[in-house]
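Student: I am new to this structure. Can we go through it step by step?

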Amino acid sequence: MSMRGRHLDAYSMYKRGTREHGFDALDKEQGPERLLNGMGKDVGVPSWKHSLRHVLVATLSSFLYGYHLGVVNETLESISRDLGFHGNTMAEGLVVSTCLGGAFVGSLFSGLIADGVGRRRALQLCALPMIIGASMSAAAKSLWAMLLGRLFVGTGMGIGPAVAALYVTEVSPAYVRGTYGSFTQIATGLGLMGSLFIGFPAKAIEGWWRICFWASVAPAAILALFMEFSVESPHWLFKRGRAADAEAEFEKLLGGPYVKSAMAELSKSDRGDEADTFKFSELLYGHHRKVVFIGSTLFALQQLSGINAVFYFSSTVFETAGVPSESANMCVGIANLLGSFVAMILMDRLGRKVLLIGSFSGMVVAMFLQITSATSLVSRGSGVYLSVGGMLLFVLTFAIGAGPVPSILLSEMFPGRVRANAVSVCMAFHWIVNFFVGLFFLRLLEQIGPLVLNSIFGAFCLLAVLFIKKNVLETKGKSLQEIEIALLPSE
């Protein structure tokens with residue numbers, strides 16, 4: 001075995017944080033080097049505490065994403081009355097969906113921005129349209145002013161989560177990368193619940209909806225400010241030829257004893273990769289096309305699973321069971337948060353692939369309960385509670401895997417040179433599918449009914465299980481360089 005091979009094998013085990021075997025390998029393969037570096041004693045794995053605060057700041061972008069998705073749920077009726085379009089379902093739909101158009105544009109350019117100015121500056125930039133857009137919506141005197149504000153906010157929503165996924169992946173130690181990645185889903189859930197809480201008085205207090213929009217300016221400003229004191233991604237710095245700066249950031253993230261090994265492994269995959277040699281055609285026709293296909297398909301199956309339909313009908317189903325809409329939204333929000341916390345605990349224990357398979361399998365069971373509740377096999381009273389149980393189980397199992405894992409996987413599976421642009425392409429595809437599902441959902445519901453439509457959603461969940469088993473690579477505990485090597489096409 002070559003010296004390079006021995007170094008990679010030893011460091012790979014070290015990065016995975018395997019307590020049983022990792023340091024045995026390091027002692028055998030790198031003993032002399034560790035002594036030279038003053039690391040003759042067992043120093044364990046890098047502390048997760050060094051990178052935690054930087055990750056938490058970045059996840060504010062996901063909190064804002066969730067907040068702006070839910071801010072119109074409780075306030076839309078008040079907004080429509082104050083701005084003079086009450087009863088105009090098209091206008092009300094535009095207030096909700098204009099964000100999707102902005103998010104598509106933002107996600108499409110998020111890779112270029114992240115590679116051009118860096119992950120840290122890109123997260124600061126995503127806060128700017130959210131501040132401007134939220135302020136415009138809060139002060140709106142007409143429908144068009146509201147829509148323009150929502151468009152600005154949507155642009156920030158499209159940039160933020162994509163760049164946050166990149167940033168968290170690149171600054172996290174491998175053995176907690178999945179756990180940290182799940183923070184974005186938790187932040188999204190907290191944002192959704194926060195918007196519901198603050199929106200409750202909107203129907204009773206005139207003009208309260210403006211307070212709901214103004215409230216989002218504060219976390220956006222905090223994101224922009226605190227990112228100024230956060231580290232830049234060492235991967236981006238190294239790719240830009242700033243090796244000394246990358247080394248300094250690694251020291252802040254991992255600690256001094258781990259810098260040399262981290263830089264050595266980073267140089268193996270990124271050596272000679274210049275940002276200006278990238279072409280988008282590589283993602284469609286080059287050897288990265290398989291990973292783009294896997295990522296885009298995962299996002300498509302995520303949306304085609306029916307998650308948006310479940311969220312859309314949650315209030316109606318709960319009201320049928322005698323539960324007020326406010327309580328219904330809170331129950332769904334709690335199920336979403338609970339699943340996100342389970343994902344955080346299990347992500348680096350069971351792995352991404354296991355969580356995805358388990359999540360979509362649980363969604364198949366939940367959708368089967370929904371289908372059964374609509375048949376003559378159960379009484380009407382039992383059917384309502386069966387539908388409620390199936391809905392909560394669907395949201396819970398979605399949040400465990402199908403919700404957080406695709407964005408984490410994408411950020412891990414692409415090599416550094418194309419990572420930002422590849423993730424932006426897949427995220428843009430996600431928004432396209434999201435848009436068309438929302439566009440045709442009500443029409444399909446009227447034409448084929450909920451029983452057939454839920455059966456289709458269940459079939460897509462089952463298809464997702466089969467697709468994941470065949471195509472998805474497990475990335476748990478592996479360094480980004482190991483994953484890159486594993487995905488290289490065989491010659």
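Student: Which helix holds Phe238?

Tutor: This is a predicted model. Take the stretch of residues 234–239. Phe238 lies in that stretch, which is helix 12.

Student: Is Phe238 buried or exposed?

Tutor: Buried means under 20% relative accessible area. Phe238 has 17% relative accessibility, so Phe238 counts as buried.

Student: How many Å separate the C-alpha atoms of Phe238 and Ser267?

Tutor: Along the chain, Phe238 and Ser267 are 29 residues apart.

Student: What are the angle and axis distance for helix 4 and helix 8?

Tutor: Two packed helices are described by the angle between their axes and the distance between the axes. Helix 4 covers residues 60–70, and helix 8 covers residues 143–171. They pack at an angle of about 140°, with axes 8 Å apart.

Student: Which residues make that contact, and how many are nonpolar?

Tutor: Helix 4 brings Ser61, Tyr65, His68 and Leu69. Helix 8 brings Arg150, Val153, Met157, Gly160, Pro161 and Ala164. Of the residues in this contact, 1 is charged, 3 are polar and 6 are nonpolar.

Student: How many disulfides are there?

Tutor: A disulfide is a covalent bond between the sulfur atoms of two cysteines. The cut-off asks for cysteine sulfur atoms within 2.5 Å. By this rule the number of disulfides is 0.

Student: Are Cys99 and Cys426 buried or exposed?

Tutor: The limit for buried is under 20% relative accessible area. Cys99 has a relative accessible area of 4%. Cys426 has 0% relative accessibility. Both are therefore buried.

How values were computed
Residues are numbered from 1 along each chain as its sequence is written. This is a predicted model: local features need pLDDT of at least 70, side-chain atom pairs count only at pLDDT 80 or more; totals for chains, interfaces and linings use all residues. Side-chain values use heavy atoms; hydrogens and water are left out. Axes are lines fitted to C-alpha atoms, for helices over the stretch in contact, and angles run from 0 to 180 degrees between N-to-C directions. Helices (H or I, at least four residues) and strands (E, at least two) are DSSP runs, numbered from the N terminus. Contact means heavy atoms within 4.5 Å. Ala, Val, Leu, Ile, Met, Phe, Trp, Tyr, Cys and Pro count as nonpolar, Asp, Glu, Lys and Arg as charged, and the others, Gly among them, as polar. Buried means under 20% relative accessible area, exposed over 50%, partly exposed in between (1.4 Å probe, protein chains only).
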